[in-house]
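Subject: Structure for you to look at

Hello,

Here is the structure we talked about, with its sequence. Please open it first and then read the notes below it.

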Amino acid sequence: MAVSSGEGKATPDRRVASRRAGEQGLLFDTQVSAPPEDVGYRGPTACAAAGITYRQLDYWARTKLVEPSVRSAQGSGSQRLYSFRDILVLKVVKRLLDTGVSLQQIRTAVTHLRDRGVQDLAQITLMSDGVSVYECTSPDEVVDLLQGGQGVFGIALGRVWQEVECSLAELPGERASTGEPDPAGHPHDELADRRRARRTG
């Protein structure tokens, strides 16, 4: 998946590719904050944040494409809990599927992303020509793919990170250890606030 970076002159094609990459937000200018490690999100929340259906979520969990890393379902009635990173990967999988990349190629990409540290993910741009998936970790690599016409679709994980962060700010999360709602992750949840007040009052 790694692409070698090219040290070339700034040809007109290269300048056009560089401008195109900048307009698409693919050139690693995104600052991200560390996600909370002890907060998990239930299936419906993960679906809403990633833009997928519950059927997709369930199928990907059963086929081990993207499994919930906070808590897996154990018996009937138990709830899966997905981490921030899981939801980020779910959203990336959805985008790759939408461009026509095969599930086999996506599985390879997901395995590769799993081996990365959380902060490293924000500095990666995935490029796809609809057949293969390429990892770019420098602007030169992005520009080379765009210039060659090889990478026709790019996903800057830093941007996806910010999108997921914005979505989850409006959706309920819960503490993995206690199952209590996470007030920081869902500040406007008045129902959760009233439940907490009843328990403590």
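The protein chain of this predicted model has a mean pLDDT of 77, and 69% of its residues reach 70 or more. The pLDDT is the predictor's confidence in each residue, from 0 to 100. Over residues 2-9 the value is below 50, and this stretch has 18 contacts in the model beyond near neighbours in sequence; a contact means heavy atoms within 4.5 Å. Residues 185-196 also stay under 50, with 16 contacts beyond four places in sequence. Where pLDDT is low, the predicted coordinates should not be read in detail.

Residues are numbered from 1 along each chain as its sequence is written, and side-chain values use heavy atoms, without hydrogens and water. Local features need pLDDT of at least 70 and side-chain atom pairs count only at 80 or more, while totals for chains, interfaces and linings use all residues.

Next, the sheet. Three strands form an open sheet in the order S3-S2-S4, with antiparallel pairing. Strands (E, at least two residues) and helices (H or I, at least four) are DSSP runs, numbered from the N terminus, and two strands pair if DSSP finds at least two bridges between them. Strand S3 (133-136) and strand S4 (153-156) are the edge strands, each pairing on one side only. Strand S2 (residues 125-128) pairs with S3 over four bridges, and Ser128 stands opposite Val133 in S3.

Two helices lie across these strands. Helix H7 (residues 139-147) lies across S2 and S3, at about 145° to S3. H8 lies across S2 and S4, at about 60° to S4. Axes are lines fitted to C-alpha atoms, for helices over the stretch in contact, and angles run from 0 to 180 degrees between N-to-C directions.

How many aromatic pairs does a search of the whole structure find? It finds one. Phe84 and Trp161 form this pair, which is tilted, with 5.2 Å centre to centre and 55° between the planes. Rings of Phe, Tyr and Trp (its six-membered ring) pair if their centres lie within 6.5 Å; planes under 30 degrees apart count as stacked, over 60 as edge-to-face and the rest as tilted. Phe84 is in helix H4 (residues 84-98) and Trp161 in helix H8 (residues 157-169), 77 residues apart. Phe84 is buried at 4% relative accessible area, and Trp161 is buried at 0%. Buried means under 20%, exposed over 50% and partly exposed in between (1.4 Å probe, protein chains only).

Regards
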